[in-house]
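Open the model in your viewer and keep the sequence panel beside it. The stops below are meant to be selected one after another.

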Amino acid sequence: MRRGAARLGGTRGNERAVGRLRPMATYQYRCDQDGVFEVRLPMGAATPRWQCPACGGEAARSYSAPMLALGRRELVTAIDQAEKTRDEPAVVKAVPPAAGRARRPATASNPALARLPRP
């Protein structure tokens with residue numbers, strides 16, 4: 001089992017490799033006693049087990065959805081609706097109502113235009 005990088009949000013060693021930054025990823029592990037903690041490691045370097053920084057026990061790697069809740073609610077809703085109707089579009093049986101507003105005839109702003117004949 002690896003030791004030293006199990007600090008919360010910590011990194012192991014120097015992140016520089018031959019003059020450039022190595023890509024780092026955040027991996028989640030769950031300890032039965034202390035809960036979830038994160039470890040930052042180079043991409044692909046995560047192991048199935050890691051030592052818990054709080055109790056020193058063995059923690060299993062846990063997988064979660066990556067940052068899905070960061071979008072605006074309106075945008076996420078629109079994307080979900082578009083995805084839902086991609087394969088099976090909704091069937092419309094009637095023209096939808098005019099969203100609560102009735103169309104009013106245009107009123108003349110000039111009183112002289114009100115005397116003109118109407119068709």
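Start with the largest pocket. Eleven residues line it, and those nearest its centre are Thr26, Gln28, Ser64, Ala65 and Pro66. Select these five and centre the view on them. The volume of this pocket is about 280 Å³. Two strands, S3 and S6, each supply at least two residues of the lining. The most comes from S3, which gives three residues. Keep in mind throughout that this is a predicted model.

Next, switch to a cartoon of the whole chain. Followed along the sequence, their pattern is β-β-β-β-β-β-α. The chain has 119 residues, and 15% of them are buried.

Now colour the open sheet of four strands, whose order is S4-S3-S6-S5 with antiparallel pairing. Which strands lie at the edges? They are S4 and S5 (49-51), each of which pairs on one side only. Looking across this sheet, neighbouring strands are turned against each other by 45° on average, with direction ignored.

Stay with the sheet and select S3 and S6, which run antiparallel and are joined by three bridges. Gln28, already selected as one of the residues nearest the pocket centre, stands opposite Ser62 in S6.

Then move on to S5 and S6 (residues 58-62), another antiparallel pair, joined by three bridges. Gln51 stands opposite Glu58 in S6, and Trp50 has Ala59 in S6 as its bridge partner. S5 and S6 form a hairpin with six residues between them. Select Gly56 in the turn, where phi is positive at about 85°.

Show the side chains of Tyr29, Phe37 and Trp50, which form one aromatic cluster. How many aromatic pairs does the structure hold? There are two. In the stacked pair, Tyr29 and Phe37 are 6.0 Å apart centre to centre, with 20° between the planes. Tyr29 and Trp50 make a tilted pair, at 5.8 Å centre to centre and 35° between the planes. This second pair links distant parts of the chain, as Tyr29 belongs to strand S3 and Trp50 to strand S5, 21 residues apart.

Tyr29 counts as buried because its relative accessibility is 0%. Trp50 has a relative accessible area of 0%, so Trp50 is buried as well.

In soluble globular proteins, nonpolar side chains tend to be buried together.

Methods:
Residues numbered from 1 in each chain as written. Predicted model: local features only at pLDDT ≥ 70, side-chain atom pairs only at ≥ 80, totals over all residues. Heavy atoms only, no water. Pairing = 2+ DSSP bridges. Axes fitted to C-alpha atoms, helices over the stretch in contact; angles between N-to-C directions. Phe/Tyr/Trp six-rings, centres within 6.5 Å; stacked < 30°, edge-to-face > 60°. Buried < 20%, exposed > 50% of the residue type's maximum accessible area, 1.4 Å probe, protein only. 1 Å grid on protein atoms, 1.4 Å probe; cavity = no way out; pocket = protein on both sides within 12 Å on 5 of 7 lines; lining within 4 Å. Points joined across faces, edges and corners; volume = space filled by probe spheres on them.
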